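Please look through the sequence and the model before reading on.

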Amino acid sequence: MLNDHTETGKILSGLLPEEISAACNLTQRFHAMQIFQWIARGTELFADMTNIPLKERERLTQDFAVHNSRCGTVLKDPDGTVKLGIELYDGSRIETVLLFDKNERKTACVSCQVGCPMGCTFCQTGQLGCLRNLAPNEIVEQFLHLEKICGRLDNIVFMGMGEPLLNLGAISKTIAILTHPKGRNLSHRRITLSTSGICKGIYELADSSFDIRLAVSLTTADEALRTELMPVTKANPLPELKKAIRYFNEKTGKRVTLELALLKNINTSLDAAKQVCAFTQGLDVHINLIPWNPVDSLPYTTPSDSEVRTFYSYLTAARLNVTVRQKRGRTIGGACGQLGKKSC
Ligand code: SAH
Ligand code: SF4
């Protein structure tokens with residue numbers, strides 16, 4: 001059973017210490033910091049917060065909750081990837097994935113929406129439409145559930161279900177909570193946000209105080225093809241997207257990752273590579289190729305290893321900095337673009 005404290009102010013995992021103090025009307029303000037620290041360490045019950053007076057713990061248990069989501073399913077791929085199915089208070093379901101990077105560091109790939117409104121034609125999540133934005137506590141809790149099951153995590157990427165720049169308020173709050181020096185104290189440099197390319201949000205992020213990394217899902221630099229595959233292109237055409245990426249480069253001094261989901265015979269030709277090279281002129285970018293991860297019912301095919309190698313060599317010949325994403329998590333539907341299948 002999920003608890004029924006559904007009002008955001010009553011779920012403490014989504015609050016900063018000063019907000020916990022105000023929401024709970026605590027007699028001693030330092031108790032708010034102690035509660036915040038218990039939550040960051042993964043404690044879910046007020047009863048276990050032993051440095052808080054018993055009477056206060058009983059009152060908190062009556063009126064508040066630490067979490068209002070619960071981990072339902074845990075799927076493990078033989079390659080180490082783990083996928084959690086998380087149940088929200090209203091019966092919605094989201095997915096969170098543990099990934100390993102090439103240095104075997106652990107990364108939480110978290111969702112920011114139930115579904116996604118962007119409608120990219122090659123993505124499982126895009127087929128769901130957007131049901132709603134997640135609240136800050138629902139994003140923080142994905143990280144805490146994953147740490148409970150998989151141990152301490154090194155990085156967090158906003159690359160799960162949904163378009164993060166459409167829920168930047170909740171993401172900002174999540175970042176403030178997870179990077180708080182008295183709490184989980186995650187470094188800003190260990191946080192990456194991936195967007196389908198919403199220019200306004202890229203400018204906002206560049207102008208924010210967050211020192212996080214940015215990834216943009218370019219997919220193709222052919223405007224007409226990108227409009228077909230990623231409807232976001234209509235309101236955010238490639239020349240505008242390029243300007244926004246350049247602004248991010250200049251304002252933050254950071255390199256941006258361009259992600260290219262590779263679809264066999266669609267965006268892997270020599271011409272397609274030339275268009276990507278032209279797009280990158282004047283930008284400080286790294287390219288990450290993601291061979292398409294199969295999604296039932298979508299009319300695409302994964303390129304062969306040799307097709308991927310050829311495309312890779314076109315780009316590296318033009319002196320671009322390129323990596324190929326390892327195929328991980330596919331057997332549990334936990335790879336990029338596979339999240340949100342109804343039967344999982
Ligand atoms: N919504 C954000 C982040 C989640 S998608 C975004 O689009 O950037 C994470 C990455 O997976 C994106 O780069 C996206 O283009 C890619 N992707 C989506 N579906 C895919 C699939 N079936 N196979 C491979 N990559 C996919
Ligand atoms: Fe949404 Fe990203 Fe999937 Fe596009 S690729 S539908 S933006 S989750």
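Is the crossing of H4 and H5 left-handed or right-handed?

## Two helices that pack together

The model described here is predicted, and in it the crossing of helices H4 and H5 is right-handed. Helix H4 covers residues 136-150 and helix H5 covers residues 168-178, and the two pack with their axes 8 Å apart at an angle of about 45 degrees. Because angles from 65 to 115 degrees count as roughly perpendicular and those under 35 degrees as roughly parallel, H4 and H5 are described as oblique to each other.

Several contacts can be followed atom by atom. In the side chain of serine 194, an N or O atom is 2.7 Å from an oxygen atom of ligand 1, while threonine 195 places a backbone N or O atom 3.4 Å from an oxygen atom of the ligand. A nitrogen atom of ligand 1 is 3.0 Å from an N or O atom in the side chain of tryptophan 292. Taken alone, ligand 1 exposes 530 Å², and the protein buries 96% of that area.

## The surroundings of ligand 2

Ligand 2 is surrounded by Cys116, Met118, Cys120, Cys123, Gly126, Gly162 and Ser196. The shell around ligand 2 comprises four nonpolar and three polar residues, with no charged residues.

Methods:
Residues are numbered from 1 along each chain as its sequence is written. Chains are lettered from A and ligands numbered from 1 in the order in which they are written. This is a predicted model: local features need pLDDT of at least 70, side-chain atom pairs count only at pLDDT 80 or more; totals for chains, interfaces and linings use all residues. Side-chain values use heavy atoms; hydrogens and water are left out. A polar contact is a pair of N or O atoms within 3.5 Å; within protein, one must be able to donate a hydrogen and the other to accept it, and residues adjacent in sequence count only if both atoms are side-chain atoms. Accessible areas come from the Shrake-Rupley method with a 1.4 Å probe; for residues, only the protein chains shown count as cover. Axes are lines fitted to C-alpha atoms, for helices over the stretch in contact, and angles run from 0 to 180 degrees between N-to-C directions. Helices (H or I, at least four residues) and strands (E, at least two) are DSSP runs, numbered from the N terminus. Angles under 35 degrees count as roughly parallel, over 145 as roughly antiparallel, 65 to 115 as roughly perpendicular and the rest as oblique. A crossing is left-handed if the near helix is turned anticlockwise from the far one by less than a right angle, and right-handed if clockwise. A residue is near a molecule or strand if one of its heavy atoms lies within 4 Å of it. Ala, Val, Leu, Ile, Met, Phe, Trp, Tyr, Cys and Pro count as nonpolar, Asp, Glu, Lys and Arg as charged, and the others, Gly among them, as polar.
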